[in-house]
Amino acid sequence: MKKKVVKIGRNDLCPCGSKKKYKNCCRNKKKRTSIKEEYKRRYDIILKEPYQVEGIRKSGELLIKILDQVEEMIKPGLKTEDINTFVHEQTVRAGAIPAPLSYRGFPKSVCVSVNEVICHGIPGDRVLKDGDIVNVDITPILDGYYSDASKTFFVGTPDEKGKKIVSVAAESLKRGISKVAPGATLGDIGYAIQSYAESCGCSVVREFVGHGVGINFHEQPQVLHFGTRGKGVCLVPGMVFTIEPMINLGKKELHVLEDRWTAVTSDGSLSAQFEQTLLVTEKGWESLTPYEF
């Protein structure tokens, strides 16, 4: 019995996932490349093999273990440097390397961002006070594999502004993650985050985005936290990237301090962030750095 041949029409979408018509894409190619080769050539995206995913997953397990321990130590009177010391020691003790340390000159092993600090806060003598919010962003390298995640914590008893921005930032990440599936686009993720955050009267930071991760600290693709549904790279199994929306209670504008790292809201409003490392699977997604919101 002969197999039925499914013919692809000239004006059908190309099966390679480019979103272009077949006649303008792969129809005239003499040799088809695999999806992995195509994504590397077209987008410089590294689709991960199962053994690589397992390595990233183990790195993520270490990350979450340390992040949970950090949550237990957050309290008024704690210095941000104390968080750095703890994360550094726990990372090295596990046989891993803190990726932020010396990365493009960053002087510490973890980013600790308090209140108006959007991201890349450098740990130091700042003392956490009752009512503060603080984001802790951890990236260990374990056996050559990177994972990346962060959470924003309450210090003592939060006020209403703190409660709101942390809630909106957490829900923004949830909504972004919910759009991850084969056939969806990066624009779907950005739209879900932007539309929700702005409906709550908050704003989305544009200058800093999510990114591919796993083999290197920062890989392609860039994952914008704003955008248009249906636009951007089509998601396929094997993609590993972070979603890490930075949400401001006030306006989206920011500036970077003289240390050339610390990004703060220009209007002094609170900012919060949640981040996880996601894998696109055959049926949807898996968080390689899972935690409860």
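1. In this predicted model, the axes of helix H2 (residues 50-73) and helix H3 (residues 80-93) come within 11 Å and cross at roughly 150°. Because of that angle, H2 is roughly antiparallel to H3, the threshold for this description being an angle over 145 degrees. The crossing of the two helices, H2 and H3, is right-handed.

2. Helix H2 contributes Ile-66, Gln-69, Val-70 and Met-73 to this contact, and helix H3 contributes Asp-82, Ile-83, Phe-86, Val-87, Gln-90 and Thr-91. Sorted by class, the residues in the contact of H2 with H3 are 6 nonpolar, 3 polar and 1 charged.

3. Helix H4 (residues 160-177) packs with H5 at an angle of about 150°, and their axes are 8 Å apart. H4 is therefore roughly antiparallel to H5. The crossing in which H4 passes H5 is right-handed.

4. On the H4 side of this contact are Val-168, Glu-171, Ser-172, Arg-175 and Gly-176; these meet Ile-189, Ala-192, Ile-193, Tyr-196 and Ala-197 in H5. The contact of H4 with H5 comprises 6 nonpolar, 2 polar and 2 charged residues.

5. Ile-193 counts as buried because its relative accessible area is 0%, and the cut-off for buried is under 20%. Leaving aside neighbours within four places in sequence, Ile-193 is in contact with Ser-172, Gly-176, His-225, Ile-243, Pro-245 and Ile-247. Its C-alpha atom is separated by 8.2 Å from that of Val-204, a residue 11 places away along the chain.

6. Ile-243, one of the contacts of Ile-193, also belongs to the largest nonpolar core, which has 59 residues. Phe-241 and Ile-243 are the residues with the most contacts inside that core. Not counting residues up to four places away in sequence, Ile-243 touches Leu-173, Gly-176, Ile-177, Val-180, Ile-189, Ile-193, Val-223, His-225, Phe-274, Glu-275, Gln-276 and Leu-278. Apart from this core lies another, of 11 residues, including Tyr-145, Tyr-146, Phe-217 and Leu-288. As general background, nonpolar side chains tend to be buried together in soluble globular proteins.

Note on methods
Residues numbered from 1 in each chain as written. Predicted model: local features only at pLDDT ≥ 70, side-chain atom pairs only at ≥ 80, totals over all residues. Heavy atoms only, no water. Core = buried A, V, L, I, M, F, W, Y, C linked by side-chain atoms within 4.5 Å. Buried < 20%, exposed > 50% of the residue type's maximum accessible area, 1.4 Å probe, protein only. Contact = heavy atoms within 4.5 Å. Axes fitted to C-alpha atoms, helices over the stretch in contact; angles between N-to-C directions. Helix = DSSP H or I, 4+ residues; strand = E, 2+ residues; numbered from the N terminus. Parallel < 35°, antiparallel > 145°, perpendicular 65-115°, else oblique. Left-handed = near helix turned anticlockwise from the far one by under 90°. Nonpolar A, V, L, I, M, F, W, Y, C, P; charged D, E, K, R; others polar.
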